[in-house]
Amino acid sequence: MKKHKKLSELAATAICGNDISSSVLYVSALAIAFAGQYAWITLLIVSLVLFLFRKIYGEVVGALPLNGGAYNALLNTTSKFMASFAATLTLLSYMATAVISANEAIHYLHHLVPSISVIIATIILLSFFGALTIVGVSESSKVAIGIFLFHLLSFAILSGFIIFFLINNGIGLFLENWHFPTTSGSITKAIFLGFAASMLGVSGFESSANFVEDQQKGVFPKTLKNMWIVVSVLNPLTALFALSLFAIPLLQSDAYQNTLLIEMASHVGGNWLAILISIDAFLVLSGAVLTSFVGVSGLLERMALDRVLPQFFLKKNSRGSSYRIILVFLILTISVLLITKGNVKLLAGVYTISFLSVMTLFGIGNVLLKVKRNSLPRPEKASWIAILIAITAVIIALIGNVVMPPIEGGASNVAVFLDYFIPAIVFTTIMLNRTLLLKVLLKVIHTIFDPVRSFVMKTDSKILAVIDTINSQEFVYFTKDDDVETLNKVLLYIQRNEHTKKLKVVTATKNGNPITEQFRNDIDVVDREYPLIKIEFIELDANFGPELITKLSKEWNIPINFMFIGSPGDHFPYKIEELGGVRLII
C-alpha cells in the first residue's frame, strides 16, 4: 500500500477552510435578516466564541492526536455510547453540509448556465468529490488549495471595488440603516437571534479535528488559527459592506438573502464582477463538499477501528483511502438529495442543530479531559473560564436555533433534525449492542423452536427405529441346489418387493443333498451382483420339513411368513399348507 503524504498547513487549512469560508455567501445575509443593523456585531461575537474554541480544540487534540473530533474526545473521557452519540451528530452535520453545499453550488452555476438540471448536476458534483477523495487526501488537497486561494482572491477584489465605491459615495446609507427600527422587537432579541443564526458561520471549524492524523506535526493548531482569522475578517466585513450598500428592507428580501455577494458585486463592479463572484461561490461551496468527504472519512474510519462500525469499512485502496466509507457516504448524500427532491433547505435544522451540538459536546469533552485525564501531556490548555463561556455561548446559539420560527409553511428545525437523527442514533445503538441483540435473538429463536426441534428429534428417532426394525428383519430362503437363474429370481423379488435387504440362504443336507461347488459359486455370483443385499449362506445337517422351519423361526426370531422355499417338485415335495403358510418363489 502506498503511504500518502501528510498535509501541510496550507493544504489542511484549505480543506476545512473552504467549508468555513463559504459561510460568507449566506451567513452575513442571514444575520442581517434577524439582527438588522447589528448583524456585524453578532458576527464579531461569533468570532470571539471561535477564538475561545481554538484553545479548547487545541488542548483536546493535542492530548489525544487521533481522528474523530468530538467522538475521540468523549471516547477517552466517557462511554462509547456517548462518543457514538457525538459521532452520529457529526455524521449528520457532514451529510447536511455536503448536500446543501453541493446544491447551493449548482444553483450559483445555474445562474450562469440556466440550461443545466440542478438535481442531476448536484449528483455529478457529489460523485466528483467522492471520487477525488478516493484518489487520496493529499491529491484532493491540491484542488482544495486552488479553490481556497481563488476564493480569498475573489473576496479581496470584491472588497477593493466596494471600498472604492464607498470612498466615492460615502457611508450615508450605513448611518440610515443604523437608525432603522429593529424588526425583532428589541435590540437584545435581535442580537440574540442574530447570534444564533450567525453561528452557522463556524460550520467546518470542527472538521480539522476529524482528519488530524493526515496532517503534519504541529499543523492542527495553525489550521484553527487560520480559520478563525478568515471568519473574523470575511463575515463581519461582508455585513458592514452590505449595510453600507443597501437598505435593510432590501437586504432582508428573498433575492438578496440568497445571492447577497452577487448583488453587491453587480452593484459596485457590474456584470463581470457578478460573474466572477458566481464562479467563486460555485467553487468554494464545492470545496465545502470536499471538506465533508475528508472529514467523514477520518471519523468513520476511527469508529470502525474501535469496532463501533463493521470492519468492512477499514478496507483501503492502494492510495490509502477508505474507499468503502466514501462510497457509502456518497450513496447517503445522493439518497438524501433525492428524498428532499432538491429542496435541501429542509436540511437546515439538521445542519444547524447537529454541528452546534457537536461543538457543545467537544467543550464538555475538554472539561472531562481536565478532570479525568489531567496527567496527559498537551501543548496548550484552555482556561476554565474560557471553556464555560464558550460552552454557554454555543448552548445559547443552539437554543436560539431551536426556538427560531420556521420558514412559512415549513417544519421547525427540531422536527427536521429529529426526522434524521432518530434513525441514525437507532442504527448506531444497534451497532454498539449488536452482540447483545444477537444473543437475545438467539434466545428468542431457541424459545420458539426448541420445543419443535425436540419434537422433530423424537419423531425422527422413532421413525428411524421403525425403519431399522423393518430393515433388520431377515428373510430365509430354503434351497437344495438351485441354479444361478433361480437365485437371481429370489434376489430380484426381495429387491423389488421387500424393505429389508438381509437374506439367509439355507440348505438342509441330511437327506443326502450334498452342496455342489457350482452352487457355491452361484451364491458368490448373486452376492456380487446385489451388493445392497446382505447374503448369508448356511448349511444345516438336518432334514428339511415343517419341523425345521418352525424350529428355525423360533431360534432366529423370524416369522414363518418371512421364510421361503425353492421351486416345488422333486427337491421339495411339501405342500405350502403343510409348511404353515410359507411363501413360494417359483
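What share of contacts in the protein between residues at least 6 apart in sequence join residues at least 24 apart? I looked this up first, and the share is 80%, where contact means heavy atoms within 4.5 Å.

**Ground rules.** I am working with a predicted model, in which local features need pLDDT of at least 70, side-chain atom pairs count only at pLDDT 80 or more, and totals for chains, interfaces and linings use all residues. I number residues from 1 along each chain as its sequence is written, and side-chain values use heavy atoms, with hydrogens and water left out.

**Overall form.** I found 22 helices and 5 strands in the protein; these are DSSP runs numbered from the N terminus, helices being H or I of at least four residues and strands E of at least two. The radius of gyration is 43 Å, well over the 25 Å that the globule rule gives for 586 residues, so the protein is more spread out than a compact globule. That radius is taken over C-alpha atoms, and the rule is 2.2 Å times the number of residues to the power 0.38. Along the principal axes, the C-alpha atoms fill a box of roughly 145 × 60 × 50 Å. I noted that 50% of the 586 residues count as buried (buried is under 20% relative accessible area, exposed over 50%, partly exposed in between, with a 1.4 Å probe and protein chains only).

**Cores.** I next looked up the largest nonpolar core, which has 145 residues. A nonpolar core is a set of buried Ala, Val, Leu, Ile, Met, Phe, Trp, Tyr and Cys residues joined through side-chain atoms within 4.5 Å. Phe53, Tyr57, Met199 and Met264 touch the most other members. Helix H14 (residues 271-305) gives the largest share of this core, 17 residues. Not counting residues up to four places away in sequence, Phe53 touches Phe205, Met359, Gly363, Ala390 and Val394. A second, separate core has 15 residues, including Phe475 and Phe519.

**Helix H13.** Is helix H13 (residues 260-269) mostly covered or mostly open? I found it mostly covered, with 7 of its 10 residues buried. Met264 is one of the buried residues, as are Leu260 and Val268. After H13 comes Gly270, with a positive phi near 90°.

**Two loop residues.** Ser322 lies in the loop between H14 and helix H15 (323-339). Ser322 counts as buried because its relative accessibility is 1%. Its contacts, beyond residues up to four places away, are Ser297, Glu301, Phe313, Lys315 and Lys316. Arg307 is also placed in the loop between H14 and H15, but Arg307 is exposed at 55% relative accessible area. Arg307 has a positive phi of about 65° although it is not a glycine.

**Trp384.** This residue is in helix H17 (residues 384-403). Why does Trp384 count as partly exposed? Its relative accessible area is 42%. Leaving aside neighbours within four places in sequence, Trp384 is in contact with Val367, Lys370 and Val371. Its C-alpha atom is separated by 33 Å from that of Leu240, 144 residues apart along the chain.

**Helices H20 and H21.** Last, I checked how H20 (residues 484-497) meets H21 (residues 517-529): their axes come within 9 Å and cross at roughly 35°. Axes are lines fitted to C-alpha atoms, for helices over the stretch in contact, and angles run from 0 to 180 degrees between N-to-C directions. Residues making this contact include Leu487 and Leu491 of H20 and Phe519 and Ile523 of H21.
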